[in-house]
Amino acid sequence: MAPVIEAHHLSKKYQLGASRPREDSLRDVLMHGLRTSLQTLRRGASAGQNSSGPRWMWALRDVNFSFEPGDVVGIIGVNGAGKSTLLKILSRITDPTEGYVRLRGRVASLLEVGTGFHPDLTGRENIFLNGVILGMTKAEVQSKFDEIVAFSELEKFLDTPVKHYSSGMYVRLGFAVAAHLDPEILIVDEVLAVGDMAFQKKCLGKMGEFGESGRTILFVSHNITAVVNLCQRGIVLQQGQLTFQGDAKSAADYYVGEVSGKEKKSGSHMADLWNARGRLPQYHPWLSKLELYNGEGNPLEEEMAIGSSIRAHVHFRLQESSANFEARVNFVDLYGQVIFAARSNYERDRNWGERSGQQEIICEIPNLPLTPGEYRVEAALVIDEKCVDYVEDACRLKIAGSDFYGTGKIPSLGFFVHKQSWQLK
Amino acid sequence: MKSSAELLLRPHTGWQPIDLREIYQSRELFGFLVWRDIKIRYKQTILGGLWAVFQPLTAMLVFTLFFNRLAGIQTDGPPYPLFAFSGLVLWTFFANSVSLSSNSLVGNQGLVSKIYFPRVFIPLASIGALMLDLVIGILLVFAMMIYYRWPVVPGALLIPVYVLGTLLAASGLGLILSALNVSFRDVKYAVPFFIQMGLFVSPVIYPLNYIPARYKLLLGFNPMSGMIVGFRHSMLGGSTDWALVMASLATSVFLFVSGLFIFRRMERRFADII
């Protein structure tokens with residue numbers, strides 16, 4: 001059978017800085033044109049690509065693959081590796097710079113949940129609008145309307161404008177529409193990162209069903225576990241190049257061992273969040289520093305033992321005075337699974353009042369019961385219930401194998417250790 | 001769409017014609033985008049549809065007072081309020097179409113960067129939504145004619161022609177300006193200014209005979225001058241300057257066709273730079 005998706009020497013080049021149109025006013029272009037033509041004149045027209053010219057970056061470089069009908073493929077890579085660019089080309093949002101892709105079948109792409117939702121329209125109206133935007137006909141939406149509503153579990157709110165929806169409800173409505181698309185090729189970006197766990201499971205289940213019915217899915221997620229569970233095949237992107245292709249499990253192992261493990265060395269107790277790499281464009285660099293100390297208050301330089309205490313100092317800046325701010329620290333395994341989430345608004349006696357400017361918030365976690373291994377520490381700043389800054393890979397924490405239970409046995413299986421008692425009757 | 005659809009995604013360069021087949025296939029989406037724009041406008045404003053008539057009506061009152069009563073501008077026949085209003089209805093539609101459509105792509109960043117469909121739908125849908133206002137406005141002109149006991153003439157059958165000419169000109173400009181606005185946000189500031197100037201270089205508030213004969217053909221480069229003159233005469237009677245109407249129609253068609261090509265050429269970069 002002919003492959004459904006074939007990519008040949010696919011490359012995409014971006015002009016650096018071109019994504020900031022505010023600097024790209026007509027005056028700058030005119031001035032730049034004038035300056036370069038003057039320079040060319042002065043140098044006797046010999047100037048080719050000089051340093052004052054635009055700088056280019058290859059977001060994708062010579063990527064080749066081909067997928068058969070029924071393949072469920074996970075695309076894995078760190079932020080900025082080219083995953084989104086690849087999906088954007090496959091979804092026809094942007095053209096490749098070189099190479100081509102051949103797609104056989106009707107494509108639906110889901111780079112965002114609820115694309116085209118308008119806050120002033122009701123749930124019912126948005127179901128139709130979103131469905132048609134995603135490629136369904138009006139008649140199709142009409143015939144699946146009841147199913148969509150049932151899947152979303154939002155019967156009671158159908159005639160409420162979606163601006164009054166919680167973010168969870170918004171995602172549910174958006175995914176409910178998307179889940180009823182009927183394409184031969186489905187392209188899904190990190191859309192499941194939002195929404196509650198139960199609904200995420202439901203969506204993954206729906207995608208699993210979809211894959212079993214012989215259709216092709218391309219799936220991007222940071223949650224490597226989800227990729228392994230859902231996909232049979234996997235590709236790994238690294239700095240715009242395809243560095244691994246194979247079954248999903250080997251791709252995940254390759255990624256965890258070769259890419260994500262070597263990205264950052266563990267060890268230093270202090271992380272500069274200000275200059276952290278891979279901050280997504282929607283976030284402001286307001287988190288400035290994360291420091292880790294052990295129970296005795298000494299900097300946490302190397303590994304720590306299972307069940308030791310830890311203190312995380314999160315430094316950040318409040319641009320405007322606020323009483324409703326929250327720091328979050330997540331401990332994430334290298335497969336992208338959040339193992340433990342600490343949030344300052346879990347503190348019951350939190351009565352910090354209005355603050356502004358530079359802040360330091362300290363999180364004390366006694367006896368952190370993680371099993372041995374390496375963990376990625378994420379930091380986030382939330383103001384008025386909205387995440388304003390988020391650093392995905394703030395630093396690494398290594399838990400060394402140690403005799404937690406005092407029996408000479410080193411626990412390694414599972415996510416956490418816990419006191420337990422056993423009796424034989 | 002057939003399941004055997006095969007799609008080749010490759011770099012595009014140079015000038016390309018618009019893909020009419022694709023536009024026809026997704027016509028339902030166009031309808032929904034128009035419907036969305038109308039719906040939102042009615043939900044977000046208290047006056048809703050009344051804005052369609054409020055704008056040209058107020059302008060008519062102000063112009064009647066200042067240009068007719070104080071400055072003494074006379075019409076070529078009909079009472080000044082009727083004269084001004086008939087011109088303003090078409091002009092307001094044109095002005096609102098150009099300004100709304102030129103901001104439409106930037107205002108729909110989410111759609112541009114997250115999903116594919118024919119991009120021309122975005123500026124064109126914002127104009128389509130304004131058609132409702134235009135229809136209400138035209139009905140109001142007829143209502144005013146009844147009030148002034150002004151006879152309806154058979155020329156009224158030509159109204160669709162002038163509406164189409166206006167639509168083509170507004171769409172052409174809207175396509176070009178919305179595409180430019182993606183790279184150069186200057187457009188946002190320039191458009192209101194030029195629209196304001198446009199009102200005075202089009203025969204909206206004064207009749208054509210105020211323009212010296214030797215400049216009349218120059219007016220043909222302004223698509224709206226011929227459309228307004230023709231539209232007004234088709235409703236209120238009087239002899240139309242057909243040469244001017246034809247020149248303006250030609251300009252409108254030219255604007256529309258070049259708008260389609262320019263938009264098509266620039267749309268490839270929208271998602272990368274918006």
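Leaving aside neighbours within four places in sequence, with which residues is Phe94(B) in contact? They are Thr166(B), Ala169(B), Ala170(B) and Met224(B), where contact requires C-beta atoms, placed from the backbone, within 7 Å. The model is predicted: local features need pLDDT of at least 70 and side-chain atom pairs count only at pLDDT 80 or more, while totals for chains, interfaces and linings use all residues. Residues are numbered from 1 along each chain as its sequence is written, with chains lettered from A and ligands numbered from 1 in the order in which they are written.

Phe94(B) also belongs to the largest nonpolar core, which has 145 residues. Such a core joins buried Ala, Val, Leu, Ile, Met, Phe, Trp, Tyr and Cys residues through C-beta atoms within 7 Å; buried means 20 or more other C-beta atoms within 10 Å of the residue's own, against 12 or fewer for exposed, and partly exposed in between. Ile75(A), Ile187(A), Phe219(A), Val227(A), Phe94(B) and Phe121(B) touch the most other members. Helix α4 of chain B (residues 80-102) gives the most to this core, 13 residues; helices are DSSP runs of H or I with at least four residues, numbered from the N terminus. A second, separate core of 32 residues includes Leu292(A), Val391(A), Leu397(A) and Phe404(A).

Chain A is divided into domain 1 (58-262) and domain 2 (270-400), with bounds from an automatic or database domain assignment. Their centres, taken over C-alpha atoms, are 29 Å apart. Eleven residues from domain 1 of chain A and seven residues from domain 2 of chain A form the contact.

Key
Helix = DSSP H or I, 4+ residues; strand = E, 2+ residues; numbered from the N terminus. Contact = placed C-beta atoms within 7 Å.
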